[in-house]
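I opened my notebook to get to know a structure that was new to me. Here is what I looked up, entry by entry.

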Amino acid sequence: MSLFDFVKPNKIITSELSEVKGLFQLKPLEPGYGLTLGNALRRVLLSSIKGIAVTSIKIKGVKYEFSSIKGVIEDVTEIILNFKKIRFKRKNAVQNKEIVNVKIENDEIITGKILNQFITNFEIINTDIVICHKDKSISLEFSFIIEEGRGYVPSEENKKNNNDIIGNIAIDSIFTPIKNVKYTIDNCRVGQQTDFENLSIEIQTDGSITPKLALMEASKMLIQYFSIFSYEKIGNIENIKTTINKEKKYNEEFLRMRTLLKSKLNNMDLSVRTKNCLKTASIESIADLVIQNKSNMLQMRNFGKKSLEELEKKMKQNGLYFGMDITEYKIHSN
């Protein structure tokens with residue numbers, strides 16, 4: 001069956017669409033394709049859509065995470081947990097990181113709405129979130145870093161990325177803007193057939209991205225990955241495979257030749273006369289033999305043209321010849 005014989009949806013049916021929730025239906029799908037598409041989209045949506053979160057905090061007068069602040073009801077650990085809950089959306093399309101410096105004097109309750117006054121490139125969505133309560137008489141100074149990322153990043157990783165700022169407390173960052181994804185598969189009819197499938201995907205976001213845009217981004221990522229298996233890329237894989245095979249054959253030949261050169265002349269099955277001549281000249285291995293030239297060989301005592309012809313014949317059978325450069329084979333190394 002060719003691709004053009006497959007039954008495919010002409011469009012996506014959208015319902016319950018809002019800034020934070022969307023329900024999308026794809027039908028009809030060939031049997032089995034509901035699970036294939038639904039599972040792939042769900043995994044990408046939950047793990048790979050970019051989001052924005054706080055990665056570290058620095059509070060004036062605080063050195064450690066397990067500390068308390070004079071005049072503040074919440075301890076530092078509680079404040080960090082509240083920062084993790086802040087959800088952002090982008091105001092500036094270029095910047096993906098911002099260091100926010102905050103100084104609050106008169107307010108008793110520090111909320112997301114108050115923090116928004118100090119932020120330039122991003123905006124807190126859940127403005128009613130409470131960060132901490134403090135005495136009106138004290139001044140509280142702190143800074144925090146907002147960054148763009150994917151998925152979940154532990155504090156240890158954020159600490160590596162922001163280790164240049166003294167006093168920073170790295171925190172776990174939940175970047176994903178997707179709160180929940182679920183899909184269901186139902187049977188639907190096409191003509192007389194009732195085994196086709198209807199895929200329903202429900203997406204909930206934190207409001208920093210719409211469900212529709214999130215679904216489009218996830219689909220785009222999958223398309224980019226599957227494009228790797230195009231004809232041109234498969235061709236490149238074959239070229240790489242061919243190169244590897246050639247390198248493997250070269251290495252095998254290299255080892256064969258090195259072993260051969262290190263072996264003794266007894267392995268060449270030479271006549272007694274030729275063996276004795278070579279022994280007298282202190283030529284004991286094949287490596288000692290191949291580095292000689294013909295004129296030097298003929299000057300050896302009792303060594304004549306017949307012995308030379310015998311050696312050349314034996315050498316040719318093994319891919320050897322007089323005057324070989326054998327430095328690459330490192331005969332004298334282990």
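Predicted model: local features only at pLDDT ≥ 70, side-chain atom pairs only at ≥ 80, totals over all residues.

Next I wanted to know which residues line the largest cavity. I found Ile-59, Ile-79, Phe-83, Ile-131, Cys-132, Leu-140 and Phe-142. When I sorted the lining by class, I got seven nonpolar residues, no polar ones and no charged ones.

**An open sheet**

I then turned to the strands. Four of them form an open sheet, and I read their order as β1-β2-β14-β13, with antiparallel pairing. Which strands sit at the edges? They are β1 (13-15) and β13 (178-190), each of which pairs on one side only. Going from one strand to the next, I noted a twist that averages 20 degrees.

I looked at one pairing in more detail. Strand β2 (residues 21-29) and strand β14 (residues 193-205) run antiparallel and are joined by seven bridges. Within this pair, I found Leu-26 opposite Leu-199 in β14.

**Helices on the sheet**

What packs on this sheet? I found that α1 does, touching β2, β13 and β14, and that its direction makes about 170 degrees with that of β13. I also looked up α5, which lies across β2, β13 and β14 and runs at about 50 degrees to β2.

**Where the two helices meet**

With both helices in view, I checked how they pack against each other. Helix α1 covers residues 33-48 and helix α5 covers residues 211-226. Their axes are 9 Å apart, and the packing angle is about 105 degrees. Angles of 65 to 115 degrees count as roughly perpendicular, so I wrote down α1 and α5 as roughly perpendicular to each other.

Which residues make this contact? On the α1 side I listed Ala-40, Leu-41, Val-44, Leu-45 and Ser-48. From α5, they meet Ala-214, Leu-215, Ala-218, Ser-219, Met-221 and Leu-222. Sorted by class, the residues of this contact come out as nine nonpolar, two polar and no charged.

The lining of the largest cavity has no charged residues, and the contact of α1 with α5 has no charged residues either.

Key
Residues numbered from 1 in each chain as written. Heavy atoms only, no water. Axes fitted to C-alpha atoms, helices over the stretch in contact; angles between N-to-C directions. Helix = DSSP H or I, 4+ residues; strand = E, 2+ residues; numbered from the N terminus. Parallel < 35°, antiparallel > 145°, perpendicular 65-115°, else oblique. Contact = heavy atoms within 4.5 Å. Nonpolar A, V, L, I, M, F, W, Y, C, P; charged D, E, K, R; others polar. 1 Å grid on protein atoms, 1.4 Å probe; cavity = no way out; pocket = protein on both sides within 12 Å on 5 of 7 lines; lining within 4 Å. Pairing = 2+ DSSP bridges.
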